[in-house]
Amino acid sequence: MGACMSTPGVTPLDLQLHRDAEKQLRETKSKLESERKVLLLGAGDSGKSTVQKQMRFIHNAPFTADEKEHFRKIVFDNLTRGLQTVIESLDDLKLVLDPHAGYANVYPEGDPEGRAGYVRDWAPGECGGPLLAPVFTQRMEMEREESAYRDADGVIKYALAMDLELIESAPDLVDGEAFPLPYLGALSRLWNDPLLREAWARGNQAALPENLPYMFSSLSRFFAPSYIPSAQDILQTRARTIGISETTFRLGSKEIVLVDVGGQKSERRKWVHCFQDVTSILFIVSLSGYDQCLVEDRTANQMHDAMTIWESICHSKWFKTTSVILFLNKDDLYQEKIKTSPLRKYFPEYEGPAADAAAGHEFFKTTFAKLAKRGKGKQREVYTHITTATDTAMLKVVMAAVTE
Ligand SMILES: Nc1nc2c(ncn2[C@@H]2O[C@H](COP(=O)(O)OP(=O)(O)OP(=O)(O)O)[C@@H](O)[C@H]2O)c(=O)[nH]1
Ligand SMILES: [Mg+2]
């Protein structure tokens, strides 16, 4: 028993190395058999990272304190840079901010209290420390110029200019730093300005961030010094993905590796690095993108762009046998938008009734299915789901079906 014939020239070390190599091969094979690699693909802003975040919530892989801190800083960034994008879109939309429209309500003409209230916002103790010191000094200098306060009109113009400057010079928060208080007033005054609201409503022409209504509806909560982002805050934050990120979950005896990539044009050339051994592709499309331009290219339509990528993925030599699942995402935003923004304006081939969300769903399902079709021969089966990726209960049900 256990007798072993020795081969001339083979040392015990050679034998050991050989056994180790075989063991490693067996382990890799069994890992490959039990591992499912799911690749998230789609254009920028379609919701890929949101699906990945949801999988962490659903599979009990909670975000760490450091990750929550990271998202807290992104909330501030999304508010300030998001509003800045709306402000910058005014020129293109041929809109000019009129201080008398929005700010006249905040600082009624001839009301010294209005001005006093504004100045109070800027009390040095509340000023956000050294970060805002230069802005504060500038305000003091301007305040010394009597003319700035000569009449109510001056106050109003000045208040608007200062708020705009504050948003434009918004800093990146550092770890543990509360949201600087003066931003609370500036953000809420500007967001409530009717002209900025009009720019927002025409956001499809300028690729404005879609999470702003959510972010602004919770503004005062974010400014509490003890604020920690909730699960929904984390899902609503927007930060484009750069590079490739993997998350692993255990599902019964299987291990699911979910691979998230950046969808903006500059990121797409990196995709090929994760095309090996893909079990299934989750392709995410933003339904609300049907009337919207791309962040990185204002001349392109988001839905057309998604269709082009989809077609090339479905016909790629890498994915001949890969199962493909299509998420027509951001249904909540689409349901609202379709009421007023006609689908036929952007897709003249659509012949269904106007403002009919379900008919639009069918149109997109059919169009994507046609694009996935290959010559004659066996056709690929495409599974389509209408989703709202920020809705955890919905994603739980859909992802259970997808990862079966
Ligand atoms: N209302 C709503 N917002 C969504 C939905 N899905 C995603 N979002 C939001 O859309 C924004 C973009 O989502 P991401 O998941 O970052 O998009 P992405 O596809 O990863 O984008 P890239 O990393 O640039 O490729 C975030 O603010 C999300 O909260 C949805 O179904 N409804
Ligand atoms: Mg992403």
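User: What makes Ser49 a contact of other residues, and which ones does Ser49 touch?

Analyst: Leaving out residues up to four places away in sequence, Ser49 touches Thr241 and Asp260. Two residues are in contact if their C-beta atoms, placed from the backbone, lie within 7 Å. This is a predicted model, in which local features need pLDDT of at least 70 and side-chain atom pairs count only at pLDDT 80 or more, while totals for chains, interfaces and linings use all residues. Residues are numbered from 1 along each chain as its sequence is written, and chains are lettered from A and ligands numbered from 1 in the order in which they are written.

User: Why is Ser49 called buried?

Analyst: Ser49 has 23 other C-beta atoms within 10 Å. A residue is buried if 20 or more other C-beta atoms lie within 10 Å of its own, exposed if 12 or fewer, and partly exposed in between. Ser49 is therefore buried, as its count is 23. Ser49 sits in helix α2, where a helix is a DSSP run of H or I with at least four residues, a strand is a run of E with at least two, and numbering starts at the N terminus.

User: Which residues come nearest to ligand 1?

Analyst: Gly47, Ser49, Arg238, Thr241 and Gly263 come nearest, out of 25 residues around ligand 1. A residue is near a molecule if its C-beta atom lies within 6 Å of it. Two or more residues of the shell come from each of α2 (48-58), α12 (231-236) and α14 (331-337). Helix α2 gives the largest share, three residues.

User: How many residues of that shell are nonpolar, polar or charged?

Analyst: The shell around ligand 1 has three nonpolar, 15 polar and seven charged residues. Ala, Val, Leu, Ile, Met, Phe, Trp, Tyr, Cys and Pro count as nonpolar, Asp, Glu, Lys and Arg as charged, and the others, Gly among them, as polar. At least three shell residues come from each of domain 1 (32-63 + 240-402) and domain 2 (66-235), with bounds taken from an automatic or database domain assignment.

User: What makes Val278 buried or exposed?

Analyst: Its count is 20 C-beta neighbours inside 10 Å, and so Val278 is buried. Val278 is in the loop between β3 and β4 (280-286). Val278 and Lys37 are 241 residues apart in sequence but 5.1 Å apart in space, C-alpha to C-alpha. Beyond its neighbours within four places in sequence, Val278 is in contact with Lys37, Leu39, Phe319 and Thr322.

User: How do you know that β2 and β3 pair?

Analyst: Two strands pair if DSSP finds at least two bridges between them. Eight bridges join β2 (residues 244-251) to β3 (residues 254-261), so the two strands pair, and they run antiparallel. Thr248 stands opposite Val257 in β3. The hairpin has two residues between the strands, and Gly252 takes a positive phi near 60 degrees.

User: What makes helix α8 mostly covered?

Analyst: Seven of the ten residues of α8 (residues 182-191) are buried. They are Pro182, Tyr183, Ala186, Leu187, Arg189, Leu190 and Trp191. In the whole protein, 31% of the 404 residues count as buried.
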